[in-house]
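Please keep the sequence and the 3D view at hand while reading.

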Amino acid sequence: MIAPERRAGLAWTSDACSRVPYRLYTDPEIYRDELERLFYRDHWGYVGLAAEIPNPGDFKRTAIGERSVVMVRDRRGGINVVENHCAHRGVQFCQREFGNGKTFVCPYHQWSYDLAGNLIGLPFRNGVKLDGRVNGGMPPGFDLREHGLTKLKVEEWNGVVFASFDQDVAPLREFVGPEVGRYFERIFDGRTLTVLGYSRQRIPGNWKLMMENIKDPYHPGLLHTWFVTFGLWRADQRSQMILDARGRHAAMVSRKNDGGKSEVTAGVTSFRENMTLHDDRVLDVVVEPWWNGPTVTMLTLFPSLIVQQQINSLSTRHIVPRGPETFDFVWTHFGFAGDDDEMTRRRLRQANLFGPAGYVSADDGEVIELSQRGFAQHPEHRTVCELDGTGTGGADHNVTETLIRSMYAYYREVMEL
Amino acid sequence: MIVVASISPDERLAIEDLYAEYAAVLDDQRFEEWPDLFTDDCTYKIVPRENYDRGLPLATLAFESKGMLRDRVYGVTQTLFHEPYYQRHLVSGFLMRRLTGDAYAVRANYLVVRTKAGALSELYSAGRYADVVVRDAGRLLFKEKLCIFDSELIPNSMIYPL
């Protein structure tokens, strides 16, 4: 619990969430409290795609908050998530990103766990006989069942796997809600997914800045030349800003236009009227039947997942906080089992727009780093987040910062700040 | 296995010169000259070792023609907002193999050190090149350049070519 005097020290100017104190991005105590309240309690964390571990024994090491966890497929085909933390001496026993095994064995003293995280054995449990005497061994009442790995609650939703340290967390679909869930199921409708690969970056900024970035439809048509010039995202597009009932999850939904010069490009320094590509296969967009209109849906599932559909490029982006001023950002690009070679090639070509080097996302990491540096200069200052007013709620256009304000309304409630 | 075979010292030096020129072009930030070191039908990819080793096709950047390289140069110099930085390439450990008369498979290690204004130099990327070099109108050029980087966590962003 954060003491009232600490709250008083925050530069909120009112109960509104249109001005966010810089200290929320820098303070180690607030950060630790966020891990407890937003990552380990009451929330679901993204752990991966079921397609990443297709066979019994397949595992993937991943993280919820700062805790390393392992997602594993057991012999019956179910998916378990256990903490990467031996019950004996705390060793992070799993040191590979991916692999396959029948059990987890800690390297230190060889405590062994089954794929559900149950402790199945440990060396010298009953002692060692020497000279007619039994030396050592665990105490008589030692019960293996009390010393398993931490088992997380797990739900798979049409191929996407979430887990929670909180056994009492609300059911996943209820947690996400029908408004944003509808867009989640537009991409993940039960089709088999194929994993195309990973990109990993470490961004020197607070984790919330990335949530905000994908709740901010203001910047894409300004920061990203490709978006405004080629009409992939800009202020004159028909768009919907959709929220769950509590304002924490969101979907930015829009439809591309033809780009080019208009009222919204006047004075926009990133707009390049005469820009043409030497090789435009990168933008060889083919409409897919399941789109049903939108060419772009950007989903934020608070606190750790972004789901991207931008034209034919699809990815999950996983936020892993690493202290108040750093997070890791893991991209998993995917397609569908029904894709032909041409569609796979198209998704891979369009991946040049995204990721740590992408034409419309490399610069997001850059500006986040610069925001974070600015926050350090003035601990008592606050941001201004007032495009389209100071209120919260959805919108039927993209000239707005309402999704960020809505997230902070939820944040203030849960964090009691 | 790549073995050094039937490549004359002159050829070897000429190939090493190409790599030295490549590094100089990038380290001097003469980005407009970078595509000229490739054939028209070149491929250029930057791939995390993780994807490469597991046979996953996703690249950090994947270009399939000199035109796409020119588009990247435009991105680097005109459209991608970034904090400017210097690169310093250290390339070593060449392994060369003749493919056909005028084509060579070349493997080499690289380190790229990044330096931003007002900041200390830092190790930015470590990895290897797995390339195909060809002689085209008398000049050695890259037909394929594949940069496989070990440092899987990219320090924020990757703007300039490796």
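In which strand of chain B is B:Lys116 found? B:Lys116 belongs to strand E4, residues 103-116 of chain B.

This is a predicted model, in which local features need pLDDT of at least 70 and side-chain atom pairs count only at pLDDT 80 or more, while totals for chains, interfaces and linings use all residues. Residues are numbered from 1 along each chain as its sequence is written, chains are lettered from A and ligands numbered from 1 in the order in which they are written, and side-chain values use heavy atoms, with hydrogens and water left out.

**Chain A as a whole**

Chain A contains 10 helices and 19 strands; these are DSSP runs numbered from the N terminus, helices being H or I of at least four residues and strands E of at least two. Its radius of gyration, taken over C-alpha atoms, is 24 Å, close to the 22 Å of the globule rule for 417 residues, so chain A is as compact as a globular protein of that length. That rule is 2.2 Å times the number of residues to the power 0.38. Along the principal axes, the C-alpha atoms of chain A fill a box of roughly 90 × 60 × 35 Å. Of the 417 residues of chain A, 59% count as buried, where buried means under 20% relative accessible area, exposed over 50% and partly exposed in between (1.4 Å probe, protein chains only).

| Residue | Element | Relative accessibility |
|---|---|---|
| A:Thr225 | helix H7 (residues 225-230) of chain A | 2% |
| B:Lys116 | strand E4 (residues 103-116) of chain B | 9% |
| A:Arg73 | strand E3 (residues 67-73) of chain A | 13% |

Contact here means heavy atoms within 4.5 Å. Leaving aside neighbours up to four places away in sequence, A:Thr225 touches A:Phe230, A:Ser270, A:Arg272, A:Met275 and B:Thr79. The side chain of A:Thr225 also reaches the backbone oxygen of A:Ser270 at 2.9 Å. A polar atom of the A:Arg73 side chain lies 3.4 Å from the backbone oxygen of A:Pro54. Such polar contacts are pairs of N or O atoms within 3.5 Å; within protein, one must be able to donate a hydrogen and the other to accept it, and residues adjacent in sequence count only if both atoms are side-chain atoms.

**Nonpolar cores**

A nonpolar core is a set of buried Ala, Val, Leu, Ile, Met, Phe, Trp, Tyr and Cys residues joined through side-chain atoms within 4.5 Å. The largest has 145 residues, and A:Trp226, A:Tyr408 and B:Tyr44 have the most contacts inside it. Helix H10 (residues 402-415) of chain A gives the largest share of this core, 8 residues. Apart from it lies another core of 17 residues, including A:Phe59 and A:Val70.

**Where the chains meet**

In chain B, 35 residues are in contact with 41 residues of chain A. The two chains bury about 3300 Å² between them, 52% of it on carbon and sulfur atoms. This buried area is the accessible area (1.4 Å probe) that two parts lose on being put together, summed over both. B:Leu58, B:Phe81 and B:Asn156 supply 21% of the area that chain B buries against chain A, more than any other three residues. B:Lys116 has contacts in both chains, among them A:Glu369, A:Arg373 and B:Glu83.
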